[in-house]
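Dear colleague,

Please find the structure below.

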Amino acid sequence: MVELLEKNSLFLFWYGLVGKRLDVSCMNSELVRSLQHQGKIVDFYLNDTFYPLNTVITIIHNGKDFIYSGGVAGSFNIYKAVLSSLEEAYLLMWQNYFHEKISSNNYFSRPFDSKDYYTALRHIENVQGEEKVSTRKDFSNKPSINRLIEELPCWIKSLHIIMLRHTLNIPLKICLAF
């Protein structure tokens, strides 16, 4: 269910500019410092449409015309959401780098136009507001799924969760949410 809400948060952020910049300077991340030392810019955004679920979007870019990667993560704990989003963006940055090296001679690969990156970076400049990660209420004692469902916005008319049967790993419960 969290994955489904993350995707919706990302769509709301990208297409509706719903969210705000997130100041994570108090977290003192070694990974962020390392990326900045390499000349990369790391921006964090928060979409809390599905609060108490915090969805954090991380974008690693050069500040001008190139996006190295992005990551999205949701958690009830804001610090966990920030770190998971950053880790995903970092992993995808390296995947993109190696994919580009491997497929550079591939006839079917489509090189990205810097104009596309430039347009994307100008688009997210329109995100309004900022919040410090330290001011967010932390839900370390994870709220129940019922609380999350109760807090869903009124424009969500139905939520269906179906348990899928499988024989792979019996203790593992797999659900389809839509």
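The notes start with the basis of the values and then turn to rings and backbone.

This is a predicted model, in which local features need pLDDT of at least 70, side-chain atom pairs count only at pLDDT 80 or more, and totals for chains, interfaces and linings use all residues. Residues are numbered from 1 along each chain as its sequence is written, and side-chain values use heavy atoms, with hydrogens and water left out.

Rings of Phe, Tyr and Trp (its six-membered ring) are paired if their centres lie within 6.5 Å; planes under 30 degrees apart are stacked, over 60 edge-to-face, and the rest tilted. The count by this rule is five aromatic pairs. One of them is tilted: Phe13 and Tyr45, 5.0 Å centre to centre with 45° between the planes. Phe13 lies in helix α1 (residues 2-16) and Tyr45 in strand β2 (residues 41-47), so this pair ties together parts 32 residues apart in sequence. Helices (H or I, at least four residues) and strands (E, at least two) are DSSP runs, numbered from the N terminus. Phe13 and Tyr45 are both buried, where buried means under 20% relative accessible area, exposed over 50%, and partly exposed in between (1.4 Å probe, protein chains only).

Tyr90 and Trp94 form an edge-to-face pair, at 6.3 Å and 80°. Tyr90 is partly exposed at 28%, as is Trp94 at 35%.

On the backbone, the peptide bond from Tyr51 to Pro52 is cis, with omega near 20°. Leu17, not a glycine, has a positive phi of about 55°. Asn28 also has a positive phi, near 50°, and is exposed at 57% relative accessibility.

Regards
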